[in-house]
Amino acid sequence: RVVRVLHQLLQDRGALRVVPQNLADPTAQLDPLPEILAERLLPHRDRATGNDPAASPPLERRRGLFLGRSLDQHAAEEAEASHAAETPHSSGSPRRRPRAARPRRRRTWMVPGRRRGASRRLVVVLLAVTARRARALSQAAAAEMGRRRFLLARHGESEWNREGRIQGTLRSPPLSPAGLEQAHMLGAFLAEHEDIRAVWCSPALRAQRTLQSIQDACAAAGIALPPPRTRDDLSEINLYGWQGRLKSDVQAQEPEGWRQWCDDPAVYRTPNGEAPLPELFERARGNWRALLATEPVDTTLVVAHHGLNRCMLATAVGAGMTAYRDDRFQFENCAVFEVVFTEHNTLASAWRKLYPPPTTCS
């Protein structure tokens with residue numbers, strides 16, 4: 001199959017030559033092969049057997065074409081040989097030029113005395129390279145067929161984001177006017193660049209309102225998103241007694257707890273012993289199990305929260321809770337990260353920040 005493909009590709013370029021399928025059998029059936037191979041594989045008959053090139057059939061004479069000779073030179077020699085065969089010599093036999101007077105042909109591509117072995121090695125190398133390339137393309141196509149993309153999006157700015165108030169699992173804070181604009185711009189971006197086949201969303205009002213703006217922007221572009229699935233475990237981190245309070249108040253009233261939360265959130269415990277970050281990481285792992293267990297589709301949109309999305313991204317790439325403060329995993333309002341899984345893999349094969357796109361400075 002590889003030989004046929006290689007043959008077809010080079011056949012489109014024009015002139016073909018013929019070469020035995022089995023080089024060890026000179027009587028083997030002849031199949032067409034590209035000129036670039038025939039010129040290397042087929043030695044000139046008079047050099048290989050000592051026969052008269054003028055008496056050789058046209059096919060055998062064509063085997064004498066090498067890269068060092070132009071087609072014009074070959075045509076001139078063909079005409080001269082034909083004329084010499086038709087003109088009788090004084091002795092009655094066809095006139096033949098002395099061997100020393102024949103033009104020397106350059107064979108810069110082969111080692112003297114090893115033409116047939118070099119030709120076979122050339123064929124083996126060409127077929128091996130072609131087969132390796134075809135195998136790589138086949139593997140890439142198979143991986144592409146089993147690929148699943150997840151777009152992790154954070155909600156737009158809420159009124160409590162603007163005030164610096166801790167939201168956590170509370171569902172009531174609405175989007176601010178700036179947050180509504182952010183959500184609409186995100187929807188326009190997704191409508192232009194993505195083909196979303198499934199949608200999951202947090203039950204919080206700020207996430208639901210963000211998704212609504214995305215749906216409206218897609219509808220304006222003539223695109224209807226699939227019905228969303230609401231999942232409770234896509235809610236934000238539970239910070240218990242701090243929820244609904246201003247960050248500045250918590251920092252002033254519980255400085256030790258706030259310092260520990262900022263410095264090492266993995267070991268922070270509330271006064272009642274709850275462990276917010278370990279609980280959130282466990283929910284993130286459960287979310288991936290639920291997402292990957294659904295019917296495979298190419299692109300799934302997940303609208304959730306800052307803390308949860310950081311944990312989702314960290315668990316997808318196999319990072320621990322220390323990655324929660326990693327700057328690479330930070331989600332600003334309406335930011336989107338792309339996470340790619342391949343078939344039968346529990347960890348992501350690739351991830352990147354998709355939106356907002358990076359800006360360049362001149």
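Analyst: Helix H8 (residues 177–193) and helix H9 (residues 205–220) cross at roughly 45°, and their axes come within 7 Å. The axes are lines fitted to C-alpha atoms over the stretch in contact, with angles from 0 to 180 degrees between N-to-C directions. This is a predicted model, in which local features need pLDDT of at least 70 and side-chain atom pairs count only at pLDDT 80 or more, while totals for chains, interfaces and linings use all residues. Residues are numbered from 1 along each chain as its sequence is written, and side-chain values use heavy atoms, leaving out hydrogens and water.

H8 and H9 are therefore oblique to each other (under 35 degrees is roughly parallel, over 145 roughly antiparallel, 65 to 115 roughly perpendicular and the rest oblique). Their crossing is right-handed (the near helix is turned clockwise from the far one by less than a right angle). On the H8 side, the residues in contact (heavy atoms within 4.5 Å) include Leu 180, His 184 and Leu 190. Their partners in H9 include Arg 209, Thr 210 and Ile 214. By class, the contact of H8 with H9 has nine nonpolar, four polar and one charged residues (Ala, Val, Leu, Ile, Met, Phe, Trp, Tyr, Cys and Pro are nonpolar, Asp, Glu, Lys and Arg charged, and the others, Gly among them, polar).

A second pair is formed by helix H12 (residues 276–293) and helix H13 (residues 306–316), which pack at an angle of about 65° with their axes 9 Å apart. H12 and H13 are therefore roughly perpendicular to each other. The crossing of H12 and H13 is also right-handed. Among the H12 residues that meet H13 are Leu 277, Phe 281, Arg 283 and Trp 288. H13 contributes, among others, Leu 308, Cys 311, Met 312 and Thr 315. Eleven nonpolar, three polar and two charged residues make up the contact of H12 with H13.

Beyond H13, the backbone deserves attention. Most residues other than glycine have a negative phi, and most peptide bonds are trans. Cys 334 has a positive phi, near 65°, and is placed in the loop between H13 and strand S7 (336–341). Helices (H or I, at least four residues) and strands (E, at least two) are DSSP runs numbered from the N terminus. The peptide bond from Tyr 355 to Pro 356 is cis, with omega near -5°. Pro 356 lies in the segment after strand S8 (350–355).
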